[in-house]
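Colleague: Hi! Could you walk me through this protein while we both have it open?
Modeller: Happy to, let's bring it up.

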Amino acid sequence: MEFVHKPVLFAETIAALDVRPGRTYIDGTVGGGGHALAILQGLGGQGRLLAIDQDPDAIAAAGERLKDFSNLSLARGNFSQMAELAQARGIGAADGILLDIGVSSHQLDDGARGFSYHQDAPLDMRMSQQGPTAAELVNHLAPAELAGILLRYGEEKSARRIAQGICRAREQAPITTTGQLAEIVRQSVPAAVRRAEGHPARRTFQALRIAVNGELDRLTEGLAAAFGLLNPGGRLAVISFHSLEDRIVKRQMAQWCQGCTCPKDFPVCVCGNKPKGRLLYKRGLAPTEQEQRENPRARSARLRVFEKF
């Protein structure tokens with residue numbers, strides 16, 4: 001099986017992880033194995049890499065691509081479970097952890113997975129290929145719940161109109177394909193939105209995908225797990241692809257870096273809070289213009305790196 005995923009901010013991410021022989025690393029989203037391969041090459045046969053992914057297709061593809069590396073451990077699961085997955089494999093701490101958040105190129109391009117509105121396919125969107133599908137959400141949630149998902153996870157201004165359109169359509173027949181849903185969204189939004197650049201269903205599909213996979217909750221849990229596993233001097237690199245993800249990463253890393261929180265007029269510190277680490281890039285890194293031209297999906301990416309004290 002070929003699992004194609006073009007890593008974004010590739011060179012910057014590998015440099016930020018500061019891969020050195022003899023150290024231990026965790027790739028929480030192995031995907032096509034591009035980052036994992038670079039980490040293993042940097043280790044030079046010394047040290048260890050734990051590569052995790054919830055997508056069985058990714059695990060199978062990475063296992064084949066990286067089969068010659070004896071210092072690789074593969075684990076199927078969500079990166080929010082990295083502490084348990086690491087412990088089960090005798091890993092108690094790591095010197096570098098990578099999270100490449102969001103949907104992969106393979107998942108988008110494989111029409112059968114139901115992530116894309118560009119291809120008509122079963123309305124699935126499950127990264128793990130387990131649990132409730134997007135079709136189950138759109139066919140069974142109340143209008144207010146649907147609108148809440150679209151507004152919260154898609155920042156969709158027409159959330160209520162789209163939810164109402166979905167509910168009207170499902171009264172006639174179940175919504176089972178991506179093509180059906182995309183057309184319902186197109187018909188539900190104002191004419192000005194239909195004429196605007198980009199597909200009017202983009203935010204709806206993003207919102208449903210996040211809801212199906214519990215992505216924001218898993219991200220919060222994964223950041224906490226990563227912090228707990230990092231050795232002093234260890235680095236956590238996170239690549240996000242939309243503002244909701246980036247906001248969570250930015251705030252959590254800022255909290256770790258925060259020092260004294262006492263009022264400024266206190267003569268001495270009484271809170272005892274000290275920074276737990278530092279940011280490598282104050283505002284994060286965005287892809288270069290050249291990378292954005294070569295890979296349009298990189299446009300919204302942001303790399304943030306935290307180093308633990």
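Colleague: Which element gives the largest share of the lining of the largest cavity?
Modeller: That's α12, which supplies three residues of the lining. Keep in mind that this is a predicted model.

Colleague: And how many cavities of 30 Å³ or more are there?
Modeller: The count comes to one.

Colleague: Which residues are closest to its centre?
Modeller: Of the 31 residues in the lining, T29, D53, D100, I101 and G102 are closest to the centre. The elements that give two or more residues to the lining are α2 (34–43) and α12 (215–229).

Colleague: How does the lining divide into nonpolar, polar and charged residues?
Modeller: Ten are nonpolar, 15 are polar and six are charged.

Colleague: OK, new topic. How many residues are in the largest nonpolar core?
Modeller: There are 35, and L123, I166 and L181 have the most contacts inside that core. Five helices each supply at least two of its residues: α6 (134–140), α7 (143–154), α8 (159–172), α9 (178–188) and α11 (202–213).

Colleague: What is L181 in contact with, leaving aside neighbours within four places in sequence?
Modeller: L181 is in contact with L123, I166, I175, F205 and L208.
Modeller: Another core, of 28 residues, with L9, A38, L49 and A301 among them.

Key:
Residues are numbered from 1 along each chain as its sequence is written. This is a predicted model: local features need pLDDT of at least 70, side-chain atom pairs count only at pLDDT 80 or more; totals for chains, interfaces and linings use all residues. Side-chain values use heavy atoms; hydrogens and water are left out. A nonpolar core is a set of buried Ala, Val, Leu, Ile, Met, Phe, Trp, Tyr and Cys residues joined through side-chain atoms within 4.5 Å. Buried means under 20% relative accessible area, exposed over 50%, partly exposed in between (1.4 Å probe, protein chains only). Helices (H or I, at least four residues) and strands (E, at least two) are DSSP runs, numbered from the N terminus. Contact means heavy atoms within 4.5 Å. On a 1 Å grid over the protein atoms alone, a cavity is a set of points where a 1.4 Å probe fits but cannot get out, and a pocket is an open set with protein on both sides within 12 Å along at least five of seven lines; lining residues have an atom within 4 Å of a point. Grid points are joined across faces, edges and corners, and a volume is the space filled by probe spheres set on the points. Ala, Val, Leu, Ile, Met, Phe, Trp, Tyr, Cys and Pro count as nonpolar, Asp, Glu, Lys and Arg as charged, and the others, Gly among them, as polar.
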